[in-house]
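Subject: Structure handover

Hello,

Here is the structure I said I would pass on. My notes on it follow below the entry.

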Amino acid sequence: MNRDTADISLKTQMPGTKAEALVARDKKIQAKATDCYAFVRALDDWAEGPFCTDVDGNVLMDFTGQIGCNPLGYNHPEITLALEKMAHISPIKFAGTDFYTEWQNGLPSPTDFKEKIIEATAMFGYEKVFLSNSGAEAVENALKCCYAKRGKGGIGINFKGAFHGRTLGALSMNYSKRNHKKGYPMIPNVVTIPYCGEEEKSYCNCGFWVTDKKTGEEMSVLEQMLRKGVGVHDPEEIAYILFEPVQGEGGYIVPNEHFVAELKRIQQTYGIPIIADEVQSGLGRTGKLWAIEHTGIVPDLITSAKALQVGATIGKAGIFPTEAARISSTWGGGDIINSIIGYKTLDMIMRYKLWENAEKMGNYFLGQLSKMASTYNCLESARGRGLMDAIEFGKQADRDKFESECFKRGLMVIGCGYKALRFLPPLDVTRRELDIALNVIDDALRAI
Ligand SMILES: Cc1ncc(COP(=O)(O)O)c(C=O)c1O
């Protein structure tokens with residue numbers, strides 16, 4: 001098999017019996033979490049780019065990108081070749097914020113990886129990175145840096161529709177679904193404001209823009225909160241604004257240009273740090289290396305994970321605590337295998353400027369999805385940026401049915417928001433591969 005000629009090829013009904021058996025076994029012992037459909041990848045069978053083989057011998061196409069963790073698709077040769085050098089070396093986890101490791105066979109060490117991450121944020125002038133185990137931890141550490149730096153009132157600002165992870169701190173910042181938060185305690189002093197989406201072409205009525213009763217002026221809720229004589233908070237009290245440059249789990253919402261211009265103005269006028277959560281949107285997916293580049297905002301901190309294989313909190317030196325042990329993590333800085341994969345992934349994204357392919361292929365893909373949105377009654381809209389795209393259904397039941405109709409036809413996709421469906425093809429996806437997926441999407445929509 002080879003990626004250039006491969007196609008979806010199903011030998012069984014989806015899911016097949018081996019997949020169903022494995023999932024049944026797993027469900028007996030796996031604590032209830034999130035689950036999608038019975039896809040079981042045969043790890044040692046053929047897979048390349050967006051194609052992969054399941055345990056029943058079916059070749060599927062994966063447009064979930066493992067929710068952003070697999071930006072170069074399966075078995076990229078530059079990654080598998082690098083890992084061959086690991087043979088006969090125990091890949092132990094290392095206490096990497098306390099101790100150091102270095103290869104003598106040319107493989108990238110955690111230090112090489114951190115230097116690469118700093119190189120990838122050169123446009124923002126960043127100097128420091130703190131590695132952790134997940135996106136949620138990257139967010140936790142960004143929040144801690146801001147609380148430590150700003151002291152004072154410790155008020156945080158987040159957005160409706162946001163998702164930042166599931167540890168209690170990051171969870172406090174979520175505002176996308178009730179069952180993520182229900183009954184869990186939250187960080188106090190978090191003010192949640194509207195996230196103004198792109199479909200609102202100018203000043204809209206989402207609640208971000210208000211007419212102030214005292215002055216009669218139209219202003220943003222942030223200005224209303226912070227302006228002397230008008231607002232209730234001294235800007236010094238605000239520790240951070242936590243912002244997804246494209247909302248992910250909340251439904252692939254692209255922000256409105258006036259809205260982001262206002263965030264930038266608030267950051268510059270009042271000196272309030274902006275944390276750009278790029279865990280899902282970052283690393284080339286939206287047509288730029290970082291999605292925040294679309295907005296003109298220079299964030300004070302970036303949080304990254306998923307495609308990077310580790311969590312990373314990145315920023316200028318001055319925003320990190322200088323006192324020892326304010327932040328740390330046993331495994332944080334020292335995952336040997338993930339440093340190799342993360343380094344190679346980032347290196348290829350930068351070397352091949354894969355954001356350019358994401359933009360070009362994304363324009364084509366989104367154009368075709370938009371045509372479908374105006375053809376099929378069950379769809380309300382298509383939206384996205386680069387290869388971070390979604391379709392919005394009128395009803396959640398239709399979205400769920402669509403997801404399983406795609407799976408039955410060998411295309412893996414996954415929902416977001418309440419009734420949207422997201423697509424995350426590999427960043428090096430080809431027009432031929434998009435067309436294979438588009439045929440399935442069209443066919444599944446017709447079935448609904
Ligand atoms: C924007 C964003 N931030 C944070 C997270 C949490 O990442 P993780 O699941 O690695 O903890 C996610 C996960 O989907 C995310 O999309």
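Which residues of H5 are buried? They are Gly 135, Ala 136, Glu 137, Ala 138, Val 139, Glu 140, Asn 141, Ala 142, Leu 143, Cys 145, Cys 146 and Arg 150. Please keep in mind throughout that this is a predicted model.

Helix H5 and the ligand

H5 covers residues 135-150. Because 12 of its 16 residues are buried, H5 is largely enclosed by the rest of the structure. From its first C-alpha to its last, H5 reaches 23 Å, close to the 22 Å expected at 1.5 Å a residue. Just after the helix, Gly 151 has a positive phi of about 55 degrees.

H5 also matters for reading the ligand site: it supplies three residues, the largest share of the shell around the ligand. There are 14 residues around the ligand, and those that come nearest are Gly 135, Ala 136, Gly 165, Val 279 and Gln 280. Sorted by class, the shell has five nonpolar, six polar and three charged residues.

Strand E5

Strand E5 (residues 155-159) has five of its five residues buried, so this strand too is largely enclosed by the rest of the structure. In a regular strand, side chains alternate between the two faces of the sheet. In E5, Ile 155, Ile 157 and Phe 159 point one way, while Gly 156 and Asn 158 point the other way, and all are buried.

E5 has two parallel partners to look at. With strand E9 (residues 238-243), E5 is joined by three bridges, and Gly 156 stands opposite Tyr 240 there. With strand E6 (residues 190-193), E5 is joined by four bridges, again in parallel; the bridge partner of Asn 158 in E6 is Thr 192.

The loop between E6 and strand E7 (209-211) holds Cys 196. Is Cys 196 buried or exposed? With 26 other C-beta atoms within 10 Å, Cys 196 is buried, the cut-off for that being 20 or more. Its C-alpha atom is separated by 20 Å from that of Trp 290, 94 residues apart along the chain.

Strand E12 (residues 311-315) is mostly covered, with five of its five residues buried. Gly 311, Thr 313 and Gly 315 point one way from E12, and Ala 312 and Ile 314 point the other way.

E12 pairs with strand E4 (residues 128-132) through five bridges, in the antiparallel sense. Leu 131 has Ala 312 as its bridge partner in E12. Strand E11 (residues 301-304) is also antiparallel to E12, over four bridges, and Ser 304 is likewise a bridge partner of Ala 312. The hairpin of E11 and E12 has six residues between the strands, and in this hairpin Lys 306 takes a positive phi near 40 degrees.

Ala 312 turns up again in the largest nonpolar core. That core has 116 residues, and Ile 275 and Ala 312 touch the most other members. Leaving aside residues up to four places away in sequence, Ala 312 touches Ile 117, Val 129, Leu 131, Ala 138, Ser 304 and Ala 305. One of these contacts, Ala 138, is among the buried residues of H5.

The four-stranded sheet

An open sheet is formed by four strands in the order E1-E2-E3-E15, with mixed pairing. Its edge strands are E1 (47-48) and E15 (411-412), each of which pairs on one side only. E1 and strand E2 (residues 51-53) run antiparallel and are joined by two bridges; Glu 48 stands opposite Phe 51 in E2.

Backbone points to check

Most residues other than glycine have a negative phi, and most peptide bonds are trans. These are the exceptions I noted.

- The peptide bond from Met 14 to Pro 15 is cis, with omega near -10 degrees. Pro 15 lies in the segment before helix H1 (17-29).
- Gln 66, in helix H2 (residues 65-68), has a positive phi of about 50 degrees although it is not a glycine. Gln 66 has 16 C-beta neighbours inside 10 Å and so counts as partly exposed.
- Lys 353 has a positive phi near 45 degrees. Lys 353 sits in the loop between helix H10 (336-351) and helix H11 (354-375), and is exposed, with 12 other C-beta atoms within 10 Å.

Regards

Technical notes: Residues numbered from 1 in each chain as written. Predicted model: local features only at pLDDT ≥ 70, side-chain atom pairs only at ≥ 80, totals over all residues. Near = placed C-beta within 6 Å. Nonpolar A, V, L, I, M, F, W, Y, C, P; charged D, E, K, R; others polar. Core = buried A, V, L, I, M, F, W, Y, C linked by C-beta atoms within 7 Å. Contact = placed C-beta atoms within 7 Å. Pairing = 2+ DSSP bridges. Expected span 1.5 Å × (residues − 1).
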